[in-house]
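Subject: Structure handover

Dear colleague,

Please find the structure below. My notes on it follow.

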Amino acid sequence: MAAPTAYSLIATDLDGTLLRADDTLSDRSLAALARVAAAGARHLVVTGRPAPRVRPLLDDLGSTGLAVCGQGAQVYDAGADRLLWSVTLDRELAETALGKIEAEIGLVYAAVDQDGVDGLTLIEPGYLMPHPTLPAVRVGRRDDLWCEPISKVLLRHPDLSDDELAATARSVVGSLATVTMSGPGTVELQPCGITKATGLALAADHLGLGPEHTIAFGDMPNDIPMFDWADHGVAMANAHPELKSVADEITLSNEDDGIAVVLERLFPVVPRYAPQYTTQYAPKTLSIEP
């Protein structure tokens, strides 16, 4: 059982939140997650990265539980290496949305995350990956982006800031897609109505937990729905001002172990023989009402 003063579900974003700039976790963060596991609480990764880009990290953690990926469009079962639930972005709607955006601000560069546990990240000519450590396949033309089902589209503009690009996209896309900003150089189109809160709610229900049991950590505007859903939202010191404005608490930056600082406060006692960090659960079928 989790300590009475602690939460039973710890939901963390990855980039700019749990991970350092070099895509690693500090020893202090790993130790804090071990405290969570030892207390009987759950750690749930909730990230914009698609499942194939999250799997290596979960392997390093020894996690066999769930992860929410693709901005909430995927609930991934690490133990079975399968998607328990996923929603794809209609490719015709994605093309239409891109056309509307380009009619307003000129050429944008696009990439897509394909659906599935082995889906690729495809990038068109001119698109630069915001995370150079993440693998991507360059295609010859935009039409090649739509060859397989996709979970989202990633956008970059040669001149506009992320905030300007996101604001313009929201103003013209309407109900074609949900527009999010999840990090530097990362404005995205995902299925309409899907947010991190969608996947988090499904995964939490699968674990028999609800928003009242949940503390969430993040750094970008795409984490706002997750904060709205969870009982307590903690923004990193390096977070976007939009997220800080709705956070219940602001901790240190991702480089300064901000998550560990909070978890050490919530889970102050470590059993003498604490188990290695892992997340386990009893599988069941996920469903969502249409």
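Which residue in β5 does Y76 stand opposite? Y76 stands opposite L83.

Some conventions before the rest. This is a predicted model, in which local features need pLDDT of at least 70 and side-chain atom pairs count only at pLDDT 80 or more, while totals for chains, interfaces and linings use all residues. Residues are numbered from 1 along each chain as its sequence is written, and side-chain values use heavy atoms, with hydrogens and water left out.

The sheet

Helices (H or I, at least four residues) and strands (E, at least two) are DSSP runs, numbered from the N terminus. Two strands count as paired if DSSP finds at least two bridges between them. On that basis there is an open sheet of 8 strands with mixed pairing, in the order β5-β4-β3-β2-β1-β12-β13-β14. β5 and β14 (249-250) are at the edges with a single partner strand each, so one side of each has no neighbour in the sheet.

β4 (residues 74-77) runs antiparallel to β3 (residues 66-69), joined by 4 bridges, and A67 has Y76 as its bridge partner. The two strands form a hairpin with 4 residues between them, and G70 in the turn has a positive phi of about 60°. β4 is also antiparallel to β5 (residues 82-86), again through 4 bridges. That hairpin has 4 residues between its strands, with D81 in the turn at a positive phi of about 50°.

In a regular strand the side chains alternate between the two faces of the sheet. In β4, Q74 and Y76 point one way and V75 and D77 the other, and all are buried (under 20% relative accessible area; exposed is over 50%, partly exposed in between; 1.4 Å probe, protein chains only).

Elsewhere in the sheet, β1 (residues 9-12) pairs with β12 (residues 214-218) in the parallel sense over 4 bridges, with A11 partnered by A216.

Helix α2

α2 (residues 27-38) has 12 residues and should span 16 Å at 1.5 Å a residue, which agrees with the 16 Å between its end C-alpha atoms; the expected span is 1.5 Å times one less than the number of residues. Its buried residues are S29, A32, L33, A34, V36 and A37. They pack against β1, α1 (14-18), β2 (42-46) and α9 (258-266). G40, which follows α2, has a positive phi near 90°.

Y127

Y127 lies in the loop between β7 (121-123) and β8 (137-138). Y127 counts as buried because its relative accessibility is 0%. Contact means heavy atoms within 4.5 Å; beyond four places in sequence, Y127 touches residues including Y109, R138, L154 and G185.

Regards
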